[in-house]
Amino acid sequence: MTTQYHPTTRYTSTTAPGALPLLGHAPAFLRRPFAFVAGLAAHGDLVRLRLGPLDTYVACHPELVRRVLADDRTFEAGGDADQGRRAFGTGPAGCPAAGKRRQHQLLRPAFHRDRLPGYAAMMAEEIAGATASWRDGDVVDVPTAMHRLTTAVTARCLFAAHERADSPHFRACVDAVAGNAARRSPLLPPLPLRFPAPFRVPSPFRFPFRAAERIPTPAGRRLRRAERDLREITQRHLTAYRTTGTDRNDLLSALLSARDEHGQGLSDAEVRDQVATVLLNGVETTATTLSWAWTLLGANPAVRDRLHTELDTVLDGRPARYEDLPALPLTARIVSETLRLYPSAWVLSRTAAADAELGGHRIPAGATVLVSPYLLHRRADLFPCPDRFDPDRWLTTAHPAPGTYVPFGLGARRCVGEAFGSTEAALAIATIAAHWTVTPTPGRPVRPARGSALSPRPFTARLTRRAR
């Protein structure tokens with residue numbers, strides 16, 4: 001049980017050891033980012049890093065994490081929002097705190113649980129369609145296959161009545177834009193390093209994304225064409241939906257019908273940004289979760305066998321439906337445990353809007369404060385044997401303390417699509433595992449890719465049709 005946060009409580013604070021002259025902790029961060037971050041909790045509740053010439057603070061205690069994520073007026077969205085604005089415009093991923101509240105108010109109805117059964121029906125159809133071409137003995141690139149599946153699901157739930165979810169052109173556009181968004185997100189937070197003129201040089205922690213995108217390379221032209229085509233597809237749907245005024249029980253219909261407290265809805269530009277956010281966030285995060293799930297199940301055959309038994313008992317060979325989920329508790333726990341070990345957003349960046357206090361320690365205005373779900377989820381005092389894949393730990397940890405388990409964030413920037421993504425992941429795991437055994441190809445172990453998203457490096461697996 002964690003100590004309740006109180007402004008007068010003084011939590012431990014220290015500077016991480018091993019800083020180098022000028023570079024600080026940046027080389028250690030870049031060399032072994034996941035191990036480096038996970039080890040910071042051993043040094044204190046609030047750990048200061050030196051990344052180049054600037055101080056960065058890492059909240060390692062659950063109560064400090066809760067304070068940082070919940071108080072979005074004091075700790076505003078930092079580098080992740082800057083990257084979000086470049087990738088998604090003014091949608092939720094790139095919206096500052098004030099606009100985030102309005103965005104959440106308008107988005108919540110679209111992701112309300114009352115709409116989940118309708119979305120789940122479309123999810124089930126697309127999952128079955130995406131796996132229909134699989135053959136016994138096939139060897140597939142798992143991240144690519146899961147990305148294709150989640151693209152089909154997300155597109156169908158966005159545009160139920162128009163664009164076909166399996167459209168190769170549509171999928172290619174999403175792949176191009178999503179891949180570029182991932183490349184735009186640096187491993188280190190985009191720290192605003194400033195030097196006095198005439199000694200000003202580009203920051204070593206920034207990548208000149210916009211300058212690179214202006215170069216007329218074939219890849220740059222393909223990206224701009226994909227972004228344009230996605231805008232045109234969305235605008236075509238918008239025009240048709242506004243003309244007919246029919247609720248097609250999809251996400252786009254819900255976005256168009258949403259109203260804030262003043263009775264105002266979203267403009268076309270805002271809807272397009274929201275659609276881009278849902279597409280790119282919904283596709284990437286769920287595909288990452290599914291890819292890690294197959295890796296973990298392949299390495300833990302006893303858990304996989306129990307999952308098969310549960311699915312055989314409940315589904316009896318048919319695809320999973322929304323109404324089946326309450327009867328699939330192990331499937332739900334596998335999703336929760338996968339997100340604990342491999343949260344898609346493994347590090348979040350916030351900026352102190354003014355001089356602030358955190359755990360009894362001063363945070364200067366403009367300072368970067370980092371929160372790492374990966375660090376929290378691998379604290380042995382919060383999750384015994386934290387590196388072990390153990391879905392049954394959720395039998396006794398069904399409601400972890402606030403700030404302890406944060407795969408979807410907290411506060412105003414908490415992911416509004418949490419239930420949507422969890423439902424999609426559970427349906428996909430249940431439907432696929434009911435019919436297939438996914439066995440990662442022996443060889444090099446699957447490792448996280450080096451980047452801001454905790455996605456696995458490409459790996460293959462063999463599909464074996466299950467004989468019931």
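Are Phe383 and Trp394 buried or exposed? Phe383 is buried, and Trp394 is buried too. Keep in mind that this is a predicted model.

## Aromatic rings

Let's start with the rings. A pair of aromatic rings is described by how far apart the centres are and by the angle between the planes. In this structure the count comes to 11 aromatic pairs. One of them joins Phe29 and Phe36: the centres are 5.9 Å apart, the planes make 45 degrees, and the pair is tilted. Phe29 has a relative accessible area of 1%, so this residue is buried. Phe36 comes out at 16%, and because buried means under 20%, Phe36 is buried as well.

Now back to Phe383 and Trp394. Their ring centres lie 6.0 Å apart with the planes at 50 degrees, so this pair is tilted. Phe383 and Trp394 both belong to the loop between α15 (373-377) and α16 (418-435), and they are 11 residues apart. There is also an aromatic cluster here, made up of Phe29, Phe34, Phe36, Trp346 and Tyr374.

## Arginines over rings

Arg340 lies over the face of the Phe383 ring, 5.4 Å from the ring centre. You can find a second case at Tyr342, where Arg378 lies over the face of the ring at 5.4 Å from its centre.

## The sheet and its helix

Time for the strands. Strands of a sheet pair through backbone hydrogen bonds, and they can do that parallel or antiparallel. Here, an open sheet has 6 strands in the order β1-β2-β3-β9-β6-β4, and the pairing is mixed. At the edges sit β1 (13-15) and β4 (75-77), each pairing on one side only. On average, neighbouring strands of this sheet are turned by 35 degrees against each other, if you ignore direction.

Zoom in on β6 (residues 348-352) and β9 (residues 368-371): they run antiparallel and are joined by 4 bridges. Take Ser349, for example: its bridge partner in β9 is Leu370. Helix α3 (residues 62-70) packs on the sheet and touches β2 (46-51), β3 (54-59), β4, β6 and β9. The direction of α3 makes about 120 degrees with that of β9.

## Cysteines

How many disulfides does the count come to? The count is 0. A disulfide, by the way, is a covalent bond between the sulfur atoms of two cysteines. Cys157 counts as buried because its relative accessibility is 0%. Cys173, at 3% relative accessibility, counts as buried too.

Definitions and conventions: Residues are numbered from 1 along each chain as its sequence is written. This is a predicted model: local features need pLDDT of at least 70, side-chain atom pairs count only at pLDDT 80 or more; totals for chains, interfaces and linings use all residues. Side-chain values use heavy atoms; hydrogens and water are left out. A disulfide is a pair of cysteine sulfur atoms within 2.5 Å. Buried means under 20% relative accessible area, exposed over 50%, partly exposed in between (1.4 Å probe, protein chains only). Rings of Phe, Tyr and Trp (its six-membered ring) pair if their centres lie within 6.5 Å; planes under 30 degrees apart count as stacked, over 60 as edge-to-face and the rest as tilted. Helices (H or I, at least four residues) and strands (E, at least two) are DSSP runs, numbered from the N terminus. A charge sits over a ring if NZ of Lys or CZ of Arg is within 6 Å of the ring centre and within 35 degrees of the ring normal. Two strands pair if DSSP finds at least two bridges between them. Axes are lines fitted to C-alpha atoms, for helices over the stretch in contact, and angles run from 0 to 180 degrees between N-to-C directions. Contact means heavy atoms within 4.5 Å.
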